Amino acid sequence: MKKKIYHNMMLTAFISLMVFVVSDILSDIFFKGGLTARIVFIVFSLIASIGISIYISDRLSRNIVKSFRNFAGQIEKFNSGEDSGIKTEYGEFQSIADTISGLNRKVDKYKGRWRNESEKIALIFENMIEGMVILDENGYIININKSAVNMLTDNGYISGMTHISKLTDCKELMGFLSDNEKSRTIQDITLETGKKLYAYANRVKISSNDCIIIIFTDVSQKFDGEKLRREFSANVSHELKTPLTTIRGFGELFGSGMITDIEDIKKYGSRIQQESQRLLFLINDIIRLSELDENNEVITSKINLMDIARESAELLSDKAESAEVSVIFEGDEKLCCMCNESYIRELFTNLIDNSIKYNKKGGYVKVGIFYREGQNVIVIKDNGIGIPESDTERIFERFYRVDKSHSRQTGGTGLGLSIVKHIVAYHGGTVKLESCLGEGTEITVFLP
């Protein structure tokens, strides 16, 4: 461009000089060098030179403006991604074009990094187990993740710019919003849904705006676990106290020499043996429940369900015979699945034992093994005394008994069905109970 301007300036000067020389020659020829004529021709030559200069300058400026427009258009195409580079016919523009190209490449690089970091933060924000809520300085929700929505609502939906007070009325949290504290830990948030939460609130600045970030942690399971442990400890103490008291009482009678008759010795000795056996069963069941609670590693092997069911029933054959209850098998004799053999054996033993205990003389226990809709199904059905409808929801609770007197007579600990439930959960399955008082009970176990 510099050369082109220089050439145009030289051309303009040359044409002006030629006009002036020609005008001077013509004035000598036609007017014999008169002063007035020379002045007229000089003025004319100056006007002509100015006109030519203006014309050439206009053409030159148009070309320069056109070049700038073309250059700007190429920059725009480059920014939009239509062109891979900026090219110009003027060397003076090329350095600018190269600089812009380099800057754009750096900007794209930084934009890519920023995009990746933003996606990482968004993924962490949406998939973190803890609930996170970002509030403005007035307590209105700016942003909230899925975990917080699920913790604070039942329907899994929160409309835009909802005030936090509509989700929880925790006085300590509301007090933090009105105070000027930098941070606060709140350990007592109970929602209407019954959930218990811990909250960690901090004041921060986001884009020069005052905001509040609250992290919610669901501790409902922790509270439920502590409650369950307290109830379990109380129940264990109560269940252990009864046989121990009986054994101690009869032991004192024997120790003091008050029991001397042979028949009394046999009677009370048998009672001590029964209570000791019941105590042993209770301790074994407690130990088994503890193992199931603590053992998270699923150890499995390929087993034949019908073979395990028959072997478990064989161990209970004497009890079934004395109770005049028949055990019937039906279903797939060859069905196998990947399970923990000892746990499944205990599952069958507990279910068949319960069906024998709570049956009638001449009753039956049907053990069915089936494969339905991609699951292994175990069905234990009897025509015994059944369970009242009001008790069916609690029957799998620890130490829960429908008929306590009957349970004590038959040696029940109240932990059998609770162990069954834990074994099924250990294998990732489900259990269903259907019963009608006086007609019998059917328990169905679904194993993957």
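Q: Which residue stands opposite K196 in β4?
A: That is T190. Bear in mind that the model is predicted.

Q: How many bridges join β3 to β4, and which way do the two strands run?
A: There are 6 bridges between β3 and β4, residues 196-206, and the two run antiparallel.

Q: What is the strand order in that open sheet?
A: It reads β2-β1-β5-β4-β3, 5 strands with antiparallel pairing.

Q: Which strands stand at the edges?
A: β2 (141-144) and β3 (183-190). Each has a single partner strand, so one side of each has no neighbour in the sheet.

Q: And what does the twist average from one strand to the next?
A: 25°.

Q: Which strands does α5 touch when it packs on the sheet?
A: Helix α5, residues 171-178, touches β1 (131-136), β3, β4 and β5 (209-218). The direction of α5 makes about 155° with that of β3.

Q: Moving on to the sheet with β7 in it. What is the order there, and what is the pairing?
A: This open sheet also has its order on record from the model: β7-β9-β10-β12-β11, 5 strands with mixed pairing.

Q: Which are the edge strands?
A: β7 (326-331) and β11 (430-436), each of which pairs on one side only. Neighbouring strands in this sheet are turned by 15° against each other on average, ignoring direction.

Q: How many bridges join β9 to β10?
A: 8, between β9 (residues 364-372) and β10 (residues 375-382), and the strands run antiparallel. Within that pairing, K366 stands opposite K381 in β10.

Q: Where does α10 pack on it?
A: α10 touches β9, β10 and β12 (440-447), and its direction makes about 25° with that of β10.

Q: What about α8 and α10, at what angle do they pack?
A: About 50°, with the axes 9 Å apart; α8 covers residues 305-315 and α10 covers residues 341-357. The two helices are therefore oblique to each other.

Q: Is the crossing of α8 and α10 left-handed or right-handed?
A: Right-handed.

Q: Which residues meet there?
A: From α8, L305, I308, A309, E311, S312 and A313; from α10, E341, I344, R345, F348, T349 and I352.

Q: How do the residues of that contact divide into nonpolar, polar and charged?
A: The contact of α8 with α10 has 7 nonpolar, 2 polar and 3 charged residues.

Methods:
Residues are numbered from 1 along each chain as its sequence is written. This is a predicted model: local features need pLDDT of at least 70, side-chain atom pairs count only at pLDDT 80 or more; totals for chains, interfaces and linings use all residues. Side-chain values use heavy atoms; hydrogens and water are left out. Axes are lines fitted to C-alpha atoms, for helices over the stretch in contact, and angles run from 0 to 180 degrees between N-to-C directions. Helices (H or I, at least four residues) and strands (E, at least two) are DSSP runs, numbered from the N terminus. Angles under 35 degrees count as roughly parallel, over 145 as roughly antiparallel, 65 to 115 as roughly perpendicular and the rest as oblique. A crossing is left-handed if the near helix is turned anticlockwise from the far one by less than a right angle, and right-handed if clockwise. Contact means heavy atoms within 4.5 Å. Ala, Val, Leu, Ile, Met, Phe, Trp, Tyr, Cys and Pro count as nonpolar, Asp, Glu, Lys and Arg as charged, and the others, Gly among them, as polar. Two strands pair if DSSP finds at least two bridges between them.
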